[in-house]
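Subject: Handover of a structure

Dear colleague,

Please find below the structure that I am handing over to you. I would be grateful if you could look through it before reading my notes.

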Amino acid sequence: MLNNETNNAPFIKVEGLTKRYRPDLPPVFENINFGIQKGEFVCIIGHSGCGKSTILNVIAGLEEATSGGVIMGGKEISGPSLDRGVVFQSHALLPWLTVEDNIAFAVRSRHPEWNRKQVLEHGAKFLDLVGLKAAAKKKPSELSGGMKQRVGIARAFSVEPKMLLMDEPFGALDALTRGVIQDELLKICATTKQTVFMITHDVDESILLADKIMLMSNGPHARVAEIVINTLPRDRSRETIHHDPQFYRIRNHLVDFLVRRSKEIQQSGSAQNSEPLIARPGLEEATPPPEPSGDKQPKIRIVN
């Protein structure tokens, strides 16, 4: 049984999460521990095979961990729930339904007692949030890839989940469309104060969207090796973010981890018995790390 104490606890608490697909194989990842505060936007980055999607699926209640678990709002997650909305790379719209009816399908699962007018009016608010109110009567086949993903995002928000889980939702889109949807997502999250956990391989995307960026070492035995605090102001925009010197400090730090340090951690095995480092590479002044202690508190590393 996990510790479900709620005093000063994060909204989402992942404890000792380990996934092993066969007893004779090493775990894909092991002893994953992190927390997410309410209203926080967290991105997770790592090479293919380190278990990012599996972690997301466990939080969503779609997959079971070998050991460990997830607590949300003081209750242990044991299966899927409308409190957790999921957006995958594939939009997964029902092709025989219109845009508004795709969203209505989700809204009815949350509000089965509502009549059709109430359902459609509620869904229309979220179509408007993603700029697609005019496309309400269209079928998915009449939409571009980017528009389909925006419908998928509107559908996820329409059930008003306590947390949104996104698995590379923009990975298949061209750069221009991706940028437009990133902007829409930032606006929606600012409006709704949504808690988000998102997988991405795009370093720039993570800096634009996230409050914290979790870096995973390579599998097997993958771990959350570092948690990078995004020190850029939260009102970030694609047009101006690259003018801030902090952007390049953070970006270089993330790229260096993916290119070099993630492999070194895997080869040395150093991630298996250590807590994740907390890094603030955007800060201009460097502070030496604290002296080691026996309380297993995360180490702080501030990088210029």
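Predicted model: local features only at pLDDT ≥ 70, side-chain atom pairs only at ≥ 80, totals over all residues.

Four strands make up an open sheet, arranged in the order 2-1-4-5 with antiparallel pairing. Its edges are formed by strand 2 (29–36) and strand 5 (75–76), each of which pairs on one side only. Strand 1 (residues 12–19) is joined to strand 2 by five bridges in the antiparallel sense, and K19 stands opposite F29 of strand 2. Helix 1 (residues 52–60) lies across strand 1, strand 2 and strand 4 (67–72), and runs at about 60° to strand 2.

Residue I181

I181 belongs to helix 5, which covers residues 175–192. Is I181 buried or exposed? Its relative accessibility is 1%, so I181 counts as buried. Apart from neighbours within four places in sequence, I181 is in contact with G146, Q149, R150, I153, F170 and L173. P169 is 12 residues from I181 along the chain, and the C-alpha atoms of the two are separated by 9.8 Å.

Salt bridges

Side chains of opposite charge can pair when their charged atoms come close.

K162 is in the loop between helix 4 (145–158) and strand 7 (163–167), while D83 is in the loop between strand 5 and strand 6 (84–87), so the pair ties together parts that are 79 residues apart in sequence. K162 is partly exposed at 44% relative accessibility, and D83 is partly exposed at 24%.

R178 counts as buried at 14% relative accessibility, whereas D202 is partly exposed at 24%.

R261 lies in helix 7 (residues 245–268) and E226 in strand 10 (residues 224–229), 35 residues apart. R261 counts as buried at 10% relative accessibility, as does E226 at 2%. Salt bridges with shared partners join E226, D256, R260 and R261 into one network.

Yours sincerely,

Conventions
Residues numbered from 1 in each chain as written. Heavy atoms only, no water. Helix = DSSP H or I, 4+ residues; strand = E, 2+ residues; numbered from the N terminus. Buried < 20%, exposed > 50% of the residue type's maximum accessible area, 1.4 Å probe, protein only. Contact = heavy atoms within 4.5 Å. Pairing = 2+ DSSP bridges. Axes fitted to C-alpha atoms, helices over the stretch in contact; angles between N-to-C directions. Salt bridge = Lys/Arg side-chain N within 4 Å of Asp/Glu carboxyl O.
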